[in-house]
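Thanks for coming, everyone. Please look at the model on the screen while I talk.

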Amino acid sequence: MARDLIDLLWRDHPSAPRGGARGPRARVSTSRVVDAAVALADAEGLAAVTARRLAGDLGLSTMSLYTHVGSRDDLPVLMADAVHAAAPRPPHTEADWRARVRRVAEANLALHTDHPWLLEVADQRTALGPGTIAKYDHELHALDPMGLSDVERDAALTFVLDFARAAARARRPDPHAARMAESWPETGRRLAAYLGADHPLAQRVGAAAGAANNAAYNPEAAWRFGLDRVVAALEPLAAE
């Protein structure tokens, strides 16, 4: 019988309900199923994580798989929480809150780069899991030196995480990026011929950015600029 998601998320807690002692012992655990799903999503994307595929890889029937993960909708929540639980949580040793905020942002960019399928998990039930709560608590402590109220602290962290998530989304692989970078000088020249005198501001700014970045978009430059703006936006809130 499938368990509730909250019990599956907290399956390792001493208070979590246990299966009955009668009957054969399960050949795989929920954690093994979730780990296999994470590995598959990392390699092939979230769409590849189907019950049939996962059950086949683990030598299970589809029905028995659902006894471990509840439902297909519950599985991405379990996967996201497992990834959050495994994320590094180094101590916040910097006295300067700005350095702490930057480190939190960079850690989340790396997390979503390593596990790009996380960008597709928008289920708010991930907030119920132990891994997600531990990650949240650790990141909230990064803002300790700012002297924020609890509501401000939550909003400030959300602001930083939303920026990191958006930046990770913008960095998703573009199969045309390398070719566009190589051909940009010729492409830019031909585009200018088509445009003529139309949209002069877009032409001037686009040409300057294209020359600086050797492409229409530079994710590293956008990240540095955006993170500087995020830190600057939080500055008035800090009690210094």
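Start with a definition: buried means under 20% relative accessible area, exposed over 50%, and partly exposed in between, with a 1.4 Å probe and protein chains only. This is a predicted model, where local features need pLDDT of at least 70, side-chain atom pairs count only at pLDDT 80 or more, and totals for chains, interfaces and linings use all residues. Residues are numbered from 1 along each chain as its sequence is written, and side-chain values use heavy atoms, with hydrogens and water left out.

Now helix α8. Helices are DSSP runs of H or I, at least four residues, numbered from the N terminus. In α8, R153, A156, L157, V160, F163, A164, A167 and A168 are buried. They sit on the same side of α8, because they cover an arc of only 140° around the axis. That arc is taken from the directions from the helix axis to the C-beta atoms. D150 and V151, on the other side of α8, are exposed.

What covers the buried residues of α8? The cover includes α6 (97–114), α7 (130–141) and α11 (219–234).

Next, the cores. A nonpolar core is a set of buried Ala, Val, Leu, Ile, Met, Phe, Trp, Tyr and Cys residues joined through side-chain atoms within 4.5 Å. The largest has 31 residues, and V33, V49, L54, L65, M79 and W117 have the most contacts inside it. Helices α1 (5–9), α2 (30–44), α3 (51–58), α4 (62–69) and α5 (74–86) each supply at least two of its residues. A second, separate core has 24 residues, including V104, L109, L157 and V160.

Conventions
Contact = heavy atoms within 4.5 Å.
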